[in-house]
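The notes below follow the order in which I looked things up.

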Amino acid sequence: MPDSTGSPVGLHRVIAPAGVLPQAAQQLDARPELWPDEVRISVERLNLDAASYRQLAEAHDGDGEAVKQSVLRIVAERGKMQNPVTGSGGMLVGTVDEVGPDSPLGVAKGDRVATLVSLTLTPLQITDGLADWDGRSEQVPAKGHAILFARSIVAKLPDDLVPELSLAVMDVCGAPALTARVVRSYVDKGIKPVVSVIGGAGKSGSLSLAAARDAGAARTIGIIPFQAEADKLDKSGLADAVALADARDPVALAKAVAGALEAVESAGGGAAGAADGSAGTADITVVCVDVPGCEHGAVLSTKAGGTVIFFSMATSFSAAALGAEGLAADVTMLVGNGYVPGHAEYALKLLRDEPGVRELFEGRLAED
C-alpha cells in the first residue's frame with residue numbers, strides 16, 4: 001500500500017493523459033494495491049449501460065462472442081470499462097475485499113455492494129475472461145476487482161432483492177430521483193404537470209413514470225416505439241396514456257404526445273397543443289431511450305416554459321441546444337448526471353411500492 005493518501009477523486013490512478021480526471025482518462029492504473037483512502041471490490045457482475053451495449057451489439061451484428069472480446073479488450077487497454085464510441089460504461093456489484101484505513105465510504109470487508117459511480121471512471125481488472133457471459137445481455141457475470149476512491153459512491157445491496165434486480169435498479173437510480181425533484185418544483189408553484197417519458201417501458205423510463213406520479217404529476221404519458229413494449233407498459237398501469245412513436249421523428253413524436261394526452265383529458269380539461277405538436281403538450285419531457293436523434297422531438301413535444309430531462313447517454317447535447325434554438329423553443333434542458341442525494345433508496349422504494357415497476361424489471365431480467 002502506498003504511504004500517502006491518494007487524490008479523493010482518483011487523480012493518482014490516471015496513467016494517460018496526465019492531469020485529467022479518471023473519467024476523461026484514456027488509461028487508468030487498476031492494480032489491486034490500495035491507497036489509504038481507497039476500497040477494493042471483488043467483482044461479481046457488471047451492468048453495461050444501455051447505449052454502450054446497443055452500440056457494441058450493433059457494431060458486431062449481434063455476435064455475442066465478438067461483443068465479449070470487445071469488452072475484454074476495452075478493459076485491458078483502458079483499465080476501466082468505457083466504450084470509446086459512446087463514452088459510457090455502466091456500474092457493478094460485488095463484495096468489499098479490502099478497505100483502506102482512511103476511506104470515508106462507510107463499508108466493511110464482506111459487504112455486498114453496488115457502485116453508484118460509472119465504470120468510465122472506476123479502475124477495473126477482469127480475471128476470468130468473462131467465461132460465464134455470452135455477450136447477449138447488458139448484465140455481465142464477471143470476476144476481477146475494482147477500485148473506489150474517497151469521492152466514489154457505493155450502496156449496500158438490500159437483503160430482500162436478488163443482486164441482479166438490485167443492479168438493474170441502481171444502474172438508473174438517478175433518473176427517478178431527478179424526475180421527482182423537477183415534478184415537485186412545479187407542484188410547489190401550484191402546477192400539477194403533465195409528464196411525458198420517452199422510452200417509458202425501459203428501466204429508467206418506468207421508474208421515472210412512477211416517480212412522476214409519486215411526486216404529484218397530473219398526467220403521465222409513456223412513449224414507446226413497438227407495440228409489444230407498449231402492451232407491457234399499458235399492463236403495468238404506470239402511465240395514464242401509452243402511445244407508439246419513433247422518437248427520432250420529431251413531428252410524429254409531438255403528435256403522439258398530443259394524441260395521448262387528448263385521449264385521457266376530460267372535456268374542457270385543457271388544450272393539448274396544435275395538431276402538429278408545435279405548441280407542445282408536456283410540461284416535463286424525460287428522455288430515456290438509448291438511441292441517438294431524439295433531441296428535437298423531445299423539445300418539440302414540450303410546452304413553452306417546460307423542462308426536458310435527458311437521461312440517455314446517446315444524447316447529443318449540441319443537437320439539443322441547436323435544435324431548441326432552431327425551433328425557437330423556450331425550454332429548460334437538464335442533463336441527468338446520475339446522482340441525486342438519496343437516489344438509490346428512492347429507486348428501491350419505488351420498485352417495492354409499485355408492482356408495475358417490479359413486473360417490468362423482472363420481465364426484462366427473465367428475457368436476458
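I started with Phe 310, which counts as buried because its relative accessibility is 2%. Buried means under 20% relative accessible area, exposed means over 50%, and partly exposed lies in between, with a 1.4 Å probe and protein chains only.

I noted what I was reading: this is a predicted model, in which local features need pLDDT of at least 70 and side-chain atom pairs count only at pLDDT 80 or more, while totals for chains, interfaces and linings use all residues. Residues are numbered from 1 along each chain as its sequence is written, and side-chain values use heavy atoms, with hydrogens and water left out.

**Rings.** I looked for aromatic pairs, that is, rings of Phe, Tyr and Trp (its six-membered ring) with centres within 6.5 Å; planes under 30 degrees apart count as stacked, over 60 as edge-to-face and the rest as tilted. The count came to one aromatic pair. Phe 310 and Phe 317 have ring centres 6.3 Å apart and planes at 85 degrees, so the pair is edge-to-face. Phe 317 is partly exposed, at a relative accessible area of 39%.

**Helices.** I took helices (H or I, at least four residues) and strands (E, at least two) as DSSP runs, numbered from the N terminus. Helix α10 (residues 343-353) packs against helix α11 (residues 355-367) at about 95 degrees, with the axes 5 Å apart. That makes α10 roughly perpendicular to α11; angles of 65 to 115 degrees count as such, under 35 as roughly parallel, over 145 as roughly antiparallel and the rest as oblique. Axes are lines fitted to C-alpha atoms, for helices over the stretch in contact, and angles run from 0 to 180 degrees between N-to-C directions.

Which residues in α10 and α11 meet? Leu 350, Leu 351 and Asp 353 in α10 meet Pro 355, Val 357, Arg 358 and Phe 361 in α11, where contact means heavy atoms within 4.5 Å.

**Strands.** I counted two strands as paired if DSSP finds at least two bridges between them. Six strands form an open antiparallel sheet in the order β6-β7-β3-β4-β5-β8. At its edges stand β6 (124-126) and β8 (154-156), each with a single partner strand, so one side of each has no neighbour in the sheet. Three bridges join β6 to strand β7 (residues 139-148), and Leu 124 stands opposite Ala 146 in β7.

Elsewhere I checked strand β9 (residues 194-198), which pairs with β10 in the parallel sense over five bridges. Ser 196 stands opposite Ile 221 in β10. Strand β10 (residues 219-224) is mostly covered, with five of its six residues buried.
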